[in-house]
Amino acid sequence: MTESELYHTWMPKWTFPFKMGVRDSQKLKDLPGRGAQVTQVTVDMPFPVADREVVYEAWAIDAIDELNLISMKGVSLEVGAEDGIVQPPEPGVKRITFDVGWVIRKCPEDHPCLTKSKHKYPEGEHLLLLSLTQFVDAHVKYVPQALINFSTRTALNGMWASLLQVAEEVRDVKRPDHDKAIAGKKELYGWVNERIEYLFSKLEE
């Protein structure tokens, strides 16, 4: 998720029954803190809905010692934010607002996602629960409920599936662009690996 310039290479796109998906993604600015940044993502929307765009600030929160979890937060920015780096959208593009939070923690043994899972996990394997809470105002009017349902259910499910697949491919060194980006940020990813190992050690306690 840190490599925002590569979102458009893996986030889902649809051409049927209508065109929709990430057209472009770019990091506008690095912020103080590990992995903190300002990101711009533009999404193609089906006619007659105008294409959508979000510019947001994201950062990570290391709360392993206090709460045994890692959290990530993303909040959309207004025009003029970050010393003017956030510019108005291009003609024909509508800027949306959103607030999103991720939490990564140990998966409770009685969590519904685990009890309903058909996957067979190896004995003793660490199971992490990743929770997402997101509030979005897409600034749309007179849009059929069916299109809204498709966007929130199908698109979001597709993004999760793509995210997990990309994560596995990065792990297996099958994503050259990601491999190159990670190799250029040894301090950041070294810290990430160290904190994950620390989280696992806390879980073993």
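Contact means heavy atoms within 4.5 Å. By that rule, and not counting residues up to four places away in sequence, Ser-162 touches Trp-10 and Pro-12. This is a predicted model, in which local features need pLDDT of at least 70, side-chain atom pairs count only at pLDDT 80 or more, and totals for chains, interfaces and linings use all residues. Residues are numbered from 1 along each chain as its sequence is written, and side-chain values use heavy atoms, with hydrogens and water left out.

- Ser-162 lies in helix H4; helices (H or I, at least four residues) and strands (E, at least two) are DSSP runs, numbered from the N terminus.
- Ser-162 has a relative accessible area of 16%, so this residue is buried; buried means under 20% relative accessible area, exposed over 50%, and partly exposed in between (1.4 Å probe, protein chains only).
- Leaving aside neighbours within four places in sequence, Trp-10 is in contact with Met-1, Met-159, Ser-162, Leu-163, Val-166, Arg-175 and His-178.

**Nonpolar core**

- A nonpolar core is a set of buried Ala, Val, Leu, Ile, Met, Phe, Trp, Tyr and Cys residues joined through side-chain atoms within 4.5 Å.
- The largest one here has 15 residues, and those with the most contacts inside it are Tyr-7, Trp-10, Met-11, Val-41, Val-54, Tyr-56 and Phe-98.
- At least two residues of this core come from each of strand E4 (51-63), strand E7 (97-106) and helix H4 (145-171).
- In soluble globular proteins, nonpolar side chains tend to be buried together.

**Aromatic pairs**

- Rings of Phe, Tyr and Trp (its six-membered ring) pair if their centres lie within 6.5 Å; planes under 30 degrees apart count as stacked, over 60 as edge-to-face and the rest as tilted.
- The count by this rule is three aromatic pairs.
- In one of them, the ring centres of Tyr-56 and Phe-98 are 5.4 Å apart and the planes stand at 80°, so the pair is edge-to-face.
- Tyr-56 is in strand E4 and Phe-98 in strand E7, 42 residues apart, so to speak of this pair is to speak of a link between distant parts of the chain.
- Tyr-56 and Phe-98 are both buried.

**Salt bridges**

- The structure holds 13 salt bridges, each a side-chain nitrogen of Lys or Arg within 4 Å of a carboxyl oxygen of Asp or Glu.
- Asp-51 forms one with Arg-23, and their closest N and O atoms are 2.4 Å apart.
- Asp-51 lies in strand E4 and Arg-23 in strand E2 (residues 20-30), so the pair ties together parts that are 28 residues apart in sequence.
- Asp-51 counts as buried at 18% relative accessibility, whereas Arg-23 is partly exposed at 39%.
- Lys-73 and Asp-99 also meet through their side chains in a salt bridge (2.5 Å, N to O).
- This second pair links distant parts of the chain, with Lys-73 in strand E5 (residues 69-76) and Asp-99 in strand E7, 26 residues apart.

**Cysteines**

- A disulfide is a pair of cysteine sulfur atoms within 2.5 Å, and a search of the whole structure finds zero of them.
- Cys-107 is in no disulfide, and the nearest cysteine sulfur, that of Cys-113, is 7.2 Å away.
- Cys-107 counts as buried at 10% relative accessibility, whereas Cys-113 counts as exposed at 53%.
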